[in-house]
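Thanks for coming. Please have a look at it first.

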Amino acid sequence: MKKIYKLLVFLFILFFNNNIVAFNSSSYLISQSAFKNYDFTTVLHEFANNNRNFQNNNHIEELISSTITVNMKLANQISKQILLYEPDNQEARLVLMTNYLINNNKKEFMKLRLDSSRNKNELIEFIFFLDEKLKKKREISISLLEIVKSAYLNKNINFDTNYNFLLFYSSLAILINSNNFEAHFIRAQLFQIIELYVQAESGYLKIDKSSSYYIDAQRSIAYNFSKIYEFEIAEIKIKEIIEDNNNRYYLKKILADFYRIEKKYSKAIEHYSELIEEDNNDVWNLYYLRGICYEKQNLWDLAEKDFLKSLEIKDDSPNVLNYLAYGWIEKNLYIDKAFLMLSKAYEANPDSYYILDSLAWAYFKKNDLVKAAELMEKVIDMVPGEAISLDHLGDIYFAMNRKREAKYFWNQAKDLAEPDDNIKEKIIIKLNKYYAG
């Protein structure tokens, strides 16, 4: 418990006490914007163009960017200069201590253990020392990664994740121990989250086949192909990964998901059907995903059969309950049963605006217009640009004789609707019917 408390204190310091000040010029604005958008190359380019003027400046952005891009010669140089003006800067000390540790320069390493007031730093003690003894490199790497994982995996932390700093610490973990494959995997996942897919792939490729993270890394690489390449090239590359890994089940599922996401529903159905035959633990989810593909092809009877089969295997999946119940409500079937299913789904996942929309629509179908409006308004607060929900709210307001508001939301829905929403023509018909002239 004490260890967890310390980690949370470190995280508070990392994420709330980063007052980054950079050089006063247009380069500052460019660099700051690039840093926020994870464009580390531009940060370093602006730094080089500014003639590396350190005086009266704190170049934490450049230090972190150079560390993440593994330009450690520059990172060390920046760290030394930062410490001239800010001798207790935590990140600069960590970079130099990592460098001295890698090069077995214990004398210089120990000089940085204490701050300018000859006091110990709790974070540095946690990372590098245990019972006054220097940890082994493998243990230090694990400690650095623990800091990352505490922010990355702890759902109770209620502040926005600072991916720059998480990448910084995971990069240090790898520098100290290149065989820390968990660090490689998490660092690659961080790149994937911020949509730097090429860097993510590079990280995943560093994971050895002997590692327990290898297959998950291969799955992520396959997923990234769908983000990097056009359909045909991505399809070929995903198939190559499957062949190179003995047709592993979870890799084949990536291909089926790829076809579904790319709206190649017939191909997706074919592959989901093959996977269902393997009867793995997640077969309930395969029925659900295949059901979605059937529904997208307007084959509701087959979709309904798959959703029911999924619930027969696992009766508490909020997404399956929602999809099936909403389908029934849209067809004015089993309204009371669908309402109970959506109530159960909402209780299990109250943060899903999809489920909340469906539940609001169920209240509408049951003619409880006040409750329907209350919930649908909440949906719009959560996702202001969701066209289907805007259309639903327009219908609810119209039924409540709030016709001016109904027109407003129908127009919004019409303007924001995507082709896949299949609602634009219906909205135009409503507007022409009720508001012509």
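Let me start with Gln 218, which is found in helix α13, residues 214-228. Helices here are DSSP runs of H or I with at least four residues, strands are runs of E with at least two, and both are numbered from the N terminus. Before going further: this is a predicted model, where local features need pLDDT of at least 70, side-chain atom pairs count only at pLDDT 80 or more, and totals for chains, interfaces and linings use all residues. Residues are numbered from 1 along each chain as its sequence is written, and side-chain values use heavy atoms, with hydrogens and water left out.

Is Gln 218 buried or exposed? Gln 218 counts as buried, because its relative accessibility is 8%. Buried means under 20% relative accessible area, exposed over 50%, and partly exposed in between, with a 1.4 Å probe and protein chains only. Apart from neighbours within four places in sequence, Gln 218 is in contact (heavy atoms within 4.5 Å) with Ile 241, Asn 245 and Leu 251.

Now the whole protein. It has 25 helices and two strands. Of its 437 residues, 51% are buried.

Next, the largest nonpolar core, which has 141 residues. A nonpolar core is a set of buried Ala, Val, Leu, Ile, Met, Phe, Trp, Tyr and Cys residues joined through side-chain atoms within 4.5 Å. Which members touch the most others? They are Ile 127, Phe 128, Tyr 169 and Phe 307. Helix α10, residues 163-176, gives the most to this core, with 10 residues.

Last, helix packing. Two packed helices are described by the angle between their axes and the distance between the axes. Axes are lines fitted to C-alpha atoms, for helices over the stretch in contact, and angles run from 0 to 180 degrees between N-to-C directions.

Take α4, residues 60-68, and α5, residues 72-85: their axes come within 8 Å and cross at roughly 155°. That makes α4 roughly antiparallel to α5, a label for angles over 145 degrees. On the α4 side, the contact includes Ile 60 and Leu 63, and on the α5 side, Ile 78 and Ile 82.

The other pair is α24, residues 403-416, and α25, residues 424-435, which pack at about 150° with axes 10 Å apart. So α24 is also roughly antiparallel to its partner, α25. Among the residues making this contact are Trp 410 of α24 and Tyr 434 of α25.

Terms used: Parallel < 35°, antiparallel > 145°, perpendicular 65-115°, else oblique.
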